[in-house]
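Me: Hi! I've got a model open and would like to talk through how it is put together. Could you walk me through it?

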Amino acid sequence: MRHTLPLTPQFYVTAPQPCPYLEGRMERKLFTALQGDNAARLNDSLSSQGFRRSQNVLYRPSCADCAACLSARIDVAAFRPSKSQRRILNRNAGLERRATSPWATEEQYDLFRSYLDSRHADGGMADMDVFEFAAMIEETPIRSRVIEYTDPEADNALVGVCLTDVLGDGVSMVYSFYTPDRPRNGLGNYIILDHIEIARAAGLPYVYLGYWVPGSQKMGYKAKFSGLEVYMGGQWQKMRDPEGFVPDQHPLSNDPIAEQVANITLPDVSPR
């Protein structure tokens with residue numbers, strides 16, 4: 001039996017957990033289920049309002065006393081590569097891109113484990129096993145692709161992967177990982193640069209990057225892309241000087257949950 005998304009999705013709030021980006025802060029998320037025939041339209045609508053997808057859930061930060069996490073995207077038409085980004089493109093020019101259906105492989109998981117053990121050994125995903133990895137890749141109710149990057153000069157070794165959603169107005173980089181053995185190649189930045197080209201070739205105006213947190217070293221690379229926009233005050237705004245951003249940690253930063261939900265614009269999912 002096929003299920004149709006209800007006209008008014010139900011929104012929930014997670015229990016507070018330690019924030020991975022700001023020490024001493026607690027993180028809370030507003031989320032809703034992503035399912036049914038109208039999942040793609042809901043995903044498009046909420047992605048344009050700062051939400052992100054994780055498997056069958058859409059979420060965005062909704063902390064009680066902090067609004068530092070800002071959804072970020074690149075305006076493809078406004079992007080101009082910097083000198084260092086052009087060097088990254090040149091260093092990785094020999095890589096080949098392959099887009100596949102969202103299906104997990106052992107080779108992907110091995111690369112994923114190497115990436116986590118090198119870069120995020122103490123992170124929230126450090127204990128993810130092969131079954132949880134497969135769920136992350138494969139449990140998607142919308143149009144998703146796995147973008148793989150291989151090196152023909154190294155027996156077509158898999159060096160990078162990105163789980164990518166195709167939205168109505170762009171591509172969303174849900175999660176990317178890459179070999180830690182090529183630190184000079186800047187593979188993380190290269191995957192973003194290549195997604196800008198993917199979006200441009202498809203005539204899509206944006207590349208959604210997830211969240212950017214002012215002052216967070218983990219997130220600093222995102223601010224180095226020209227054409228960056230952040231979602232603030234219910235609208236997308238062009239990035240000002242990132243050095244001028246101060247994490248908003250005022251105790252009255254966020255509206256009450258009921259007001260946040262009331263201000264979410266939902267797509268028209270009435271029967272056609």
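Me: Which order do the strands of the 8-strand sheet take, and how do they pair?
Reply: The order is β8-β9-β10-β11-β12-β7-β13-β14, in an open sheet of 8 strands with mixed pairing. Strands here are DSSP runs of E with at least two residues, helices are runs of H or I with at least four, and both are numbered from the N terminus. Two strands pair if DSSP finds at least two bridges between them.

Me: Which strands are at the edges?
Reply: β8 (96–100) and β14 (235–238) are the edge strands, each pairing on one side only. On average, neighbouring strands in this sheet are turned by 35° against each other, direction ignored. Axes are lines fitted to C-alpha atoms, for helices over the stretch in contact, and angles run from 0 to 180 degrees between N-to-C directions.

Me: Before we go on, what sort of model is this?
Reply: This is a predicted model, where local features need pLDDT of at least 70 and side-chain atom pairs count only at pLDDT 80 or more, while totals for chains, interfaces and linings use all residues. Residues are numbered from 1 along each chain as its sequence is written, and side-chain values use heavy atoms, with hydrogens and water left out.

Me: Thanks. How do β7 and β13 pair?
Reply: Strand β7 (residues 70–75) and strand β13 (residues 228–232) are antiparallel, with 3 bridges. Alanine 72 sits opposite valine 230 in β13.

Me: Which strands does α3 touch?
Reply: Helix α3 (residues 106–119) packs on this sheet and touches β9 (144–151), β10 (157–166) and β11 (170–178). Its direction makes about 75° with that of β11. Contact means heavy atoms within 4.5 Å.

Me: And what about α5?
Reply: Helix α5 (residues 187–202) also packs on the sheet, touching β7, β8, β9, β10, β11 and β12 (206–212). The direction of α5 makes about 155° with that of β11.

Me: How do α3 and α4 cross?
Reply: The axes of α3 and helix α4 (residues 130–138) come within 11 Å and cross at roughly 105°. The two helices are therefore roughly perpendicular; angles under 35 degrees count as roughly parallel, over 145 as roughly antiparallel, 65 to 115 as roughly perpendicular and the rest as oblique.

Me: Which residues make that contact?
Reply: α3 brings Gln108, Tyr109 and Phe112, and α4 brings Val130, Phe133 and Met136. By class, the contact of α3 with α4 has 5 nonpolar, 1 polar and no charged residues. Ala, Val, Leu, Ile, Met, Phe, Trp, Tyr, Cys and Pro count as nonpolar, Asp, Glu, Lys and Arg as charged, and the others, Gly among them, as polar.

Me: Next, α2 and α5. At what angle do they cross?
Reply: Helix α2 (residues 83–91) and α5 cross at roughly 90°, with axes that come within 9 Å. That makes α2 roughly perpendicular to α5. Gln85, Ile88 and Leu89 of α2 meet Asn189, Tyr190 and Leu193 of α5.

Me: Changing topic: what is the strand order in the 4-strand sheet?
Reply: β1-β4-β6-β5, in an open sheet with antiparallel pairing. Its edge strands are β1 (11–13) and β5, each pairing on one side only.

Me: How many bridges join β4 to β6?
Reply: 5 bridges join strand β4 (residues 29–33) to strand β6 (residues 57–61). Leucine 30 stands opposite arginine 60 in β6.

Me: Which strands does α1 touch?
Reply: α1 packs on this sheet, touching β1, β4, β5 and β6, and its direction makes about 10° with that of β6.
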